[in-house]
Structure formats: structure tokens, C-alpha cells
Amino acid sequence: MMAGTFPLSKPDWSNLQVIHRGTLPPRSYFFLYADQQDALEGNTEKSSAVKLSGIWKFYHTNSPFEAPKGFEATDYDVSSWADIQVPGIWQLQGYGHPHYTNVNYPIFVDPPNAPFDDNQTGCYVTKFTTPGKLSINQYRLRFEGVDSAFHVWVNGKEVGYSQGSRNASEFDITPLLKEEGENTLAVRVYQYCDGTYLEDQDQWRFSGIFRDVYLHVFPQAHIKDFYVQTVLDDEYRDAELKVNVDVSGKGQLSLRLLDSDHGVVAECMLHAEDNQVSFTEQITNPLKWTAETPSLYKLILTFGERSITQNVGFRRVEIKNGVYLINGKRIVFRGANRHEHHPAHGRAVPYDFMKRDLLLMKKHNINAIRTCHQPSDPRLYALADELGLWIMDEADVECHGFARIDEMALSGRDRNKSFEEKKAMIYGNAGRFTSDNPEWKEQYVDRARQLVMRDKNHPCVVMWSLGNEAFYGCNFQSMYDLIKSIDQSRPVHYEGDSEAQTVDLFSQMYPHVDDIIKFAQEPNFAKPLVLCEFVHAMGNGPGAIKEYVDAFYEYPRLQGGWIWEWANHGLKTKNEAGEEYYAYGGDFGDVPNDYNFVMDGVLFSDHTPTPGLIEYKKAIEPVQAFLASKGRFKITNRYDIINLGHLKCEAILVADGTRRSLGEIPVPRDLEPHTSVEQDLPDVDLASISGEAFIQIDFRLRAATNWAQADHLISSTQLSLRAPQPISIPSSKAISSDPHLSQPSPSTLLIATLTTTYTFSLPHGRITSILKTHPSSTDTIEFLHATRGPELILYRAQTDNDRPQDGRDWTSKLVHLAKTHVQSVTWESVSSSTIVRVEAKVAPPSLDWSINTTTTYTFHAHGSVHIQCKGTLAGINLPSTLPRIGFEFAMPGEFDTVSWFGRGPGESYKDKKLSQNFGNWEKKIDELWVDYEFPQEGGNRTDVRWVTFSHETTDFSVSKALSMVYEGIRQLPGVGDMIAGKREGVERGQDSQQPSLTARFGAQEGFSFNASHYEIKDVDDSEHPYELHKKKKGYVVVRLDADHHGLGTGSCGPKTMEKYALKTEPFEFEVLLE
């Protein structure tokens, strides 16, 4: 009888007791150089390390047990294997497929067991030669990141095993190398391991060797690791430089500290022999490192004929009297959560792409990064040292998928409760799986150790984080204790410790601003509060950022936050037709998935800014301007460390048709952080300016920095000098003929003026034709497409922030199906005008709620039509809010140019508009649309006083007869400009011979327009831009909105704030079309 057991032993990758085998202790990220000059240059190609990254041979299977046996042997033939790029993600190189899930684990939940069958495995092989002599060197094989676990062999001999995907693993392979000829390196990588239960982050689930692989050559006498501390005195002036160095071997160990000009600040030499050597140097008043003043020194350590270098920044981090301080100054984090993501390479992010991210952050006033939710590429930290960014460095721990288990056990009633209510019911118990399970202690502690040991020497790291959304339990206390045993100089953060019983500060995600203000008003507090995630930036949003930022500066306990998140995680791919697009969850057949929830950044997937980033830059601007007393304005310095001496300021007069520089105005160079001062506004002569006027205050960099050119715009604010004027109806007294009213059919009215003929449909209660006619010929042009004149519409395509909040109410109340139902129409001719009054109901099918409207059309002799609309409520079960209130109509596609006076040039909404200044703007229709990677409402411009849609042709109105008529009318007081289309250049932005339609809104607050080639339903029905593009119309869909619902951050956070919500209430507005 045959008997057996499978597997013969518990695999390392499914064994809680095995985290690493054969690895060296974790250390700082550094390279050895033959001389100090090369070390200072920092070019790793001149170091003693050999980069093994490149093209490797690769074989893919669906299970570790199906991987080829003996592939690690030096004589194993891999010539038929495929090539693969290292670093790289195998799912993005043709093996398996990407899988996106936020909370749900992609495997069955049975910790610590990993699947045997569905556990993709990649076998990698490469060859390399050994530099130098084996007898005098130690050779270290270092993997900077492998997802999720791996075994290593060199020349057929097993080296070891390691897991912890975003942490480095280093092996001493000296005994296994050949000095002559090629060495064979073989690596077997597993998609899942027991550590997968701690790596349940909201991101694509990828596999492979995704960071660089190095062969480090250490001489027999070498530095094993070092730890740099800068201890500032209580005046934050002088410092002690403490450097602890672990060495192997014996010899002279030298320390040199150089300033930015390579001048020697301190130097010392000590004898070292297989021990830890400590240097302590007194440094008198060194330049201090902060995110605003990233003054760096270079530390050079030389031992065993090799030198290493490290950025040193003198700074002190502490929490004192409940306030987080750096160098004694209160800090406000204006941060961003940054996942590592590239649209083509996934987590294998090229250095230049990463650097571009950090430069973009600096240019958009961001001062902090949270490395969500794992340590970043080690090269990021030196960049942050140099550019000046505060880093919250986060351990590779997240396991919120366990909450799903307990959520499913809830009753149906409890399952329908809000996220916060369910969280309170579930999270206290969900830690039993791992976080509050002592058997998992070393798994947690190892991830804390790896984090701190690698990144401890970077001044940019000002806070450690124990992980993210992993509940709370005894293992977090153990992580905290481990970190404090290594480094007491930095606070420790963890949002899951909601009562801050272990960690050094409170942290919250997505609270309402009112809640954090209430928290901040608690007296006698001992710990500050930060928002590790806030203003969820999914799709069109976020709205109401300013309210949070203002609270950060008003209340000392509130010390900022990190926007969620930096970039969309779309993966560039093609559909079946070969059309490129950015994919999200489910697009690769990946189940379970969280759909488009991975598209929630302030950058598009190609890492270009969304309108949300532009708004965030404005909200967190470090210098502000406000109107003060008459003729004066207030400047507020929101920097934390520095004054305003690095800035210059220009004042600009802005009005309709006017933009004029008023020259440079003095900057209060010595204005201390978090203080304000008043000064005089420049003298402005408004005598020649009609209507609304602003003075714009722009602050720019006075000189270039290492992240921006001189003149880079830091902040721009407009101060109102004069309010807008209400709609003015031009007099028709000088027009010789009144509008001619006729009824050519029982259902139609015709209203003919000198230049324009309107057709009005009685059953539909709206204009169906606006025909501009030539007085002495048959030349005409139609301004409406397919009889689609202005009709009251209440709906907009839902945004990501609408859908889980007010959008549910809109859908259930059938707002998207509401349409106008005419009740009666009356008309009359009165003193050079014709008035048509429509009584109607705007209502959906199946329900009895409605908005009863009275819309009055006044057709004037000079050709304009004044539309006034009043709405009252009727019925029961009305929606509590409305998406919008305004007119929608369609124009022929030839009306392809839009000019306006109002906020611009970019997209704006009532709670996302402060980054857009008033001015005269002009764009093509296609340029107005924001092509969100999940189609939704977009492209709105709010606070608009007038908008003009211009026809592309210049052939209309060119006859001598019509020119004479226009010229005659243009001489009439107050009328000519409107009829002849000859408004002064900037306002009209068009040639007088271009047909145009202008809508005027006067001083009505919050009036908006939107123009695109897309119908609302088509946007709502599309899931990707390529689907929407196929539905693009040849005509222009125009919306003129009296009001619209704010955006909010309801996709993951508070719904639209009450003050920005469009409540279902009676309304009244007016529009002048001419």
C-alpha cells in the first residue's frame, strides 16, 4: 500500500514562524565609495555596488508546487524561458492580470494560511560576475522590494527566504560565489504568503521583483550601519551631532561634516574594532532643516578604505503642551497621501517619475507626504531631504479585510448603517485575527523594525506610522515599544489607535469639519490631532477644502492633514478595439474588486493635475490676502518657519474688459509665521471702469529654488473693489419697429424683431428657433439645434461624490426623469415688447412631487429675450436637494468658441472655485470639458456674469446692406453694442461679423454655465472615457444654471456641506439672451 503526505513540510510562505531566513539585520540605505569625492557626488554607478536589475529569464506558474524543480541549478537550461524586466510587475508584463481590491482580501480568509493552488509563482534567473576578490570582501545581495515573498539561490545553493513586500532583504552570499566565470542567481517569488494578511492595502495587487536588486561589495573592514541624531538645545540654536556607527573589522573610523559649500564644519577620527563607535560633536548655531528651509549638511564616514555619505539636517521634533513642534515652531501639515504607482509599470516607479511627483507637490504648496501604506522607494527620502518635505513614514501593515468577516455577520438592519456606525460595532473585535493576536507579534514588530532601521537617518522623516486600518491590539503596542527602543526623537502615529492610548498623537480619517473643531476646543489637551486622510479626491472634487484648512490654522490642536490621495491608479491598457484608456477594478476580469475606487487622486493616472489639485494648492496657500479697512488689505503668513522675504508681490486691476498691472507692491519681508499685517492698497482709478472690479494680489518666488523657477506663482487672491451690476435691459425706445407677433399655427408663435425671429412652441412652452435674418437677403443662421431651446432641467450627471450621498436620493426620486409639463401659455404685446408667460410643472413619472414654474419670456424690439423663472414646490416625497436649477439648450456645433467674464479659466463649482479667478476668458468647447477617467459631471464655470457662444463662420452679415443696418443701429444710445455684436474687444472676444449668442446673468450670485458635446444621460451611462467619446455629439449642449449642488467629498467622507447644498426650495432667477 502506498502512503504519503502533501506537502512534506509546511511551506515558508505559509508558516507564521518564518519571516526571514538567512537575511542580514536591516540597515540604513547607503552605498560604499572608494573615495570621499565619489561619495559626495552620490552617483551609485561609481559605488562598489553592482546593479543586477535588467532583463532576467522568467517562468510563470499558477502554484508554487507547479514551479519547475531544480531551476536554481547552474546547468538548468532556461534559454526557452521568457524575458522579463527587473524591476517590474509580472501582471503588467503578460502574466496573470492586475487585481484591484480595497477592503476584501483576494484570497480565502484563513490566517496564516496562504493558498496552495491559486498562488501564482514566478521563477527568475540571471547571471552575473563577481567584482573584486572573494578573499578580501563580503558580498551582499540586496533586494529593495519583492512582492510578496521569495526564496533565493546562488549557484544552486539556497541562500534564504524573506517576506515583507515593501521592505528590503539583504543576504551575505560570499561563500556561494565563484570568483571566476558567471554566477547564477535564481529567485522564486510567491504571489501570496502569510504576510499577505498584513498587506491588504487599497491598491492594485501586484507581484514580482518591483524594486532594484544590488550586489554590494563590502571590504572585510566595513561599516555595517550608522545612526545620526541632531540634538538641538532648548533655545533651538546650538546642537549636538551624535553618530553611532557599527563596524565589522578594525581600523580608523573618520567623521567629517561638510556644509553646502563643502566647507568642514566638524571632523573627528576614532579607532574602531568590531564594535559600535559613538561620535558626539558640538555644532554652534547650524542652519536648521525644515520643509521650508531644507538646509543640509553632508556627513562622510570613512572606514576600511570605503566612504559613505548621508544628508544631515539639524532639527528637533517634539510634542510640547499638546502641540506638535519642529524646532520650537507649530507645524501645519499640508500633505498628500502618496501611493507608489505608475500607469504602465505599477509599483515599479522610475526615479525620474517619482522625482516629478515631488516637484509637483512643492509647486502646489504641499509640504508633507504620508507614504501610504508602506515604506516608499528608498530614493524618495533623499529627494525629500533636499526639496523640503515632511514625511510620515508608514509601516507595511494593513488588514482591514478582516472587518468584512464581521460585517457580513451583522443583521440586515445593522448592515445598512453608516460606515462609522458599523466601524464602531466591528473594529473592536476584528483585531482578534492578527493585530490583537500575540502569535502575530513578531510579524508586526518586524515591519516596524524594517521601517525604522532603513529610514532613521533622514531629516525629512518627522513621524513614524505603525500602519493603516488594522484595528487596534497588543501588537501595535509592541511595534511602538520597538520603535521607541531605537528612536525616541520622532512621534509615532497610528489612526487605528483612536483613543491614542499608545501613540503620541490623535489621528482621524474623513471627519466633518465641525467634529474636528469640537475636538480642538477640548480644554487642557495633551496630544494634537492630525487628519491622516481627508478631503477624498475622487473624480470631480474635492469640495470645501478651505473650511478644513482654516480650522487647522485657527485651532492650535489641529495640525493639518494629508489629502487622499495623490494620484489615480489607472493602468494604461487597450480595449478590444485597440483604444487606449486607464483601467480600474474589474477591467481585467478581477473579482472581487472595488471598481473605480482606485481613481481617487488629485492627479490623473498619467500624473498630470486634476482641477482638484489646483483647488488644493489654493486652499493650502502659505500666504494670503484679505480686504481690511477702506483702502487697506491684510497679508497673512501661513508658513510655519519662514517670513515672506523670498516672495515678491504684484497687484493687478481686473474688470470686465480690463486687466492692468499696478506694479510691484511691498512685501512685509519680516512678517513672522502665523501672523498678519495690514498695509495700503495701490491707488486705483475706477472712473474709466464700468461694473465689477477687483484688485488681484499675486505672490511669486523672488528667486529660483531647487524645485521651481523664479516668478513661480505661490498664491493669487482677488479683492473686490466694486460689486457686480444687475441685469440691465437696453431701452427699445429708439427702435422704430416693435416685435411682430403672429401665430402661424395653433401650436406656434412667431416673434420677429429687426434682426431676429423667435419660434415659440406652445405645447412645449419654450423657444424652438432663434433665427438671425438678413434684412435685405435670404441669409440666415439658426442658433438652436433641433428645436432645443432653453428648458428648465434639474439633473446633472452624477459625480463620484454624489452617488453614495445625495445621488441616491436623486435616483430614488427620479430626478433624472423629471421634465417640463406645460399647464398653460399666455401672451401679449406691451410697449415695444412681446411677453409670453408659461405655467408648467417640472416633474418625474410615477411620483407626485413637482416644481411648479412660471417662466416669463419678454422679447424686446432690439432682438434680446429676457427670461424670468420662478419655482415653487408641490407634492410629497420631494428630493431633499437638487443637482442643479437652470436652463439647458442645444446649439449647432459651429458655435465652437466660448468667451465669458467670471471665474476661470478652469472648472469651478460653488465649493470648488477659489482657485479660479475672475477675468475675461476664452476657450473652444472641447477645452471646457474635463475628461475624468470615470465619466461624470464636469466642466462647469461658476460665478459668471455673462457668456458668449460664437459661430466659427465669418461669412454671415457681410453684405453692405446689413453692415449699414448694423452701423445705423449701433449709433443708438445703449443699444448698438448689443445688436451689432461690437462690444469692446475683450468682452466679446470676437469679430463683429461672427454670429454669437450672449447670456447675461448680472449680479445673481453663483450663476454658472457649462458647454460640451455630451448629453447628461450619455455621461451617466458611460464607465470609461472611450465609451463616452463614441457618444460625442456634433452639436453643443449648453447649460445656464442659476444654482448647483456642491461637490463635497461623499465618495469617502462627509457629504456636501449644508451651506453648499442646493436645497429643494422655492427659487427665482433671470437670464438675458441677446
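Colleague: In this structure, is Arg 903 buried or exposed, and what of Asp 943?

Modeller: The structure is a predicted model. The side chains of Arg 903 and Asp 943 meet in a salt bridge, with 2.7 Å from N to O. A residue counts as buried when its relative accessible area is under 20%. By that cut-off Arg 903 is buried, and Asp 943 is likewise buried.

Colleague: Which residue forms a salt bridge with Asp 1043?

Modeller: Asp 1043 lies in strand β59 (residues 1036–1044), and its partner is in the loop between β54 and β55 (917–924), 133 residues apart from it. The closest N and O atoms of the pair are 2.9 Å apart. The partner is Lys 910.

Colleague: Why does Lys 910 count as buried, and what is the class of Asp 1043?

Modeller: The cut-off for a buried residue is a relative accessible area under 20%. Lys 910 has 17% relative accessibility, so Lys 910 counts as buried. Asp 1043 has a relative accessible area of 24%, and therefore its class is partly exposed.

Colleague: Is Glu 1058 buried or exposed?

Modeller: Glu 1058 and Lys 1063 meet through their side chains in a salt bridge of 2.8 Å, N to O. Lys 1063, at 29% relative accessibility, counts as partly exposed. Exposed means over 50%. Glu 1058 has 54% relative accessibility and is therefore exposed.

Colleague: How many residues does the largest nonpolar core have?

Modeller: Those with the most contacts inside this core are Phe 333, Trp 390, Leu 466, Tyr 548, Phe 552, Trp 566 and Ile 697. Ile 697 touches residues including Ala 625, Phe 633, Ile 665 and Leu 719, not counting residues up to four places away in sequence. Apart from this core lies another, of 62 residues, with Phe 760 and Phe 1007 among them. The largest nonpolar core has 131 residues.

Colleague: Why is the protein chain described as being as compact as a globular protein of its length?

Modeller: The protein chain has 18 helices and 60 strands. For 1074 residues the globule rule gives 31 Å, and the radius of gyration is close to that, so the chain is as compact as a globular protein of that length. Buried residues make up 62% of the chain. The radius of gyration itself is 33 Å.

Colleague: How many disulfides does the count come to?

Modeller: A disulfide is a covalent bond between the sulfur atoms of two cysteines. The sulfur of Cys 123 is 16 Å from the closest cysteine sulfur, in Cys 193, and therefore too far for a bond. The sulfur of Cys 193 is 14 Å from its closest cysteine sulfur, in Cys 399, which is also too far for a bond. For the structure, the count of disulfides comes to 0.

Notes: Residues are numbered from 1 along each chain as its sequence is written. This is a predicted model: local features need pLDDT of at least 70, side-chain atom pairs count only at pLDDT 80 or more; totals for chains, interfaces and linings use all residues. Side-chain values use heavy atoms; hydrogens and water are left out. A nonpolar core is a set of buried Ala, Val, Leu, Ile, Met, Phe, Trp, Tyr and Cys residues joined through side-chain atoms within 4.5 Å. Buried means under 20% relative accessible area, exposed over 50%, partly exposed in between (1.4 Å probe, protein chains only). Contact means heavy atoms within 4.5 Å. A salt bridge is a side-chain nitrogen of Lys or Arg within 4 Å of a carboxyl oxygen of Asp or Glu. Helices (H or I, at least four residues) and strands (E, at least two) are DSSP runs, numbered from the N terminus. The radius of gyration is taken over C-alpha atoms; the globule rule is 2.2 Å times the number of residues to the power 0.38. A disulfide is a pair of cysteine sulfur atoms within 2.5 Å.
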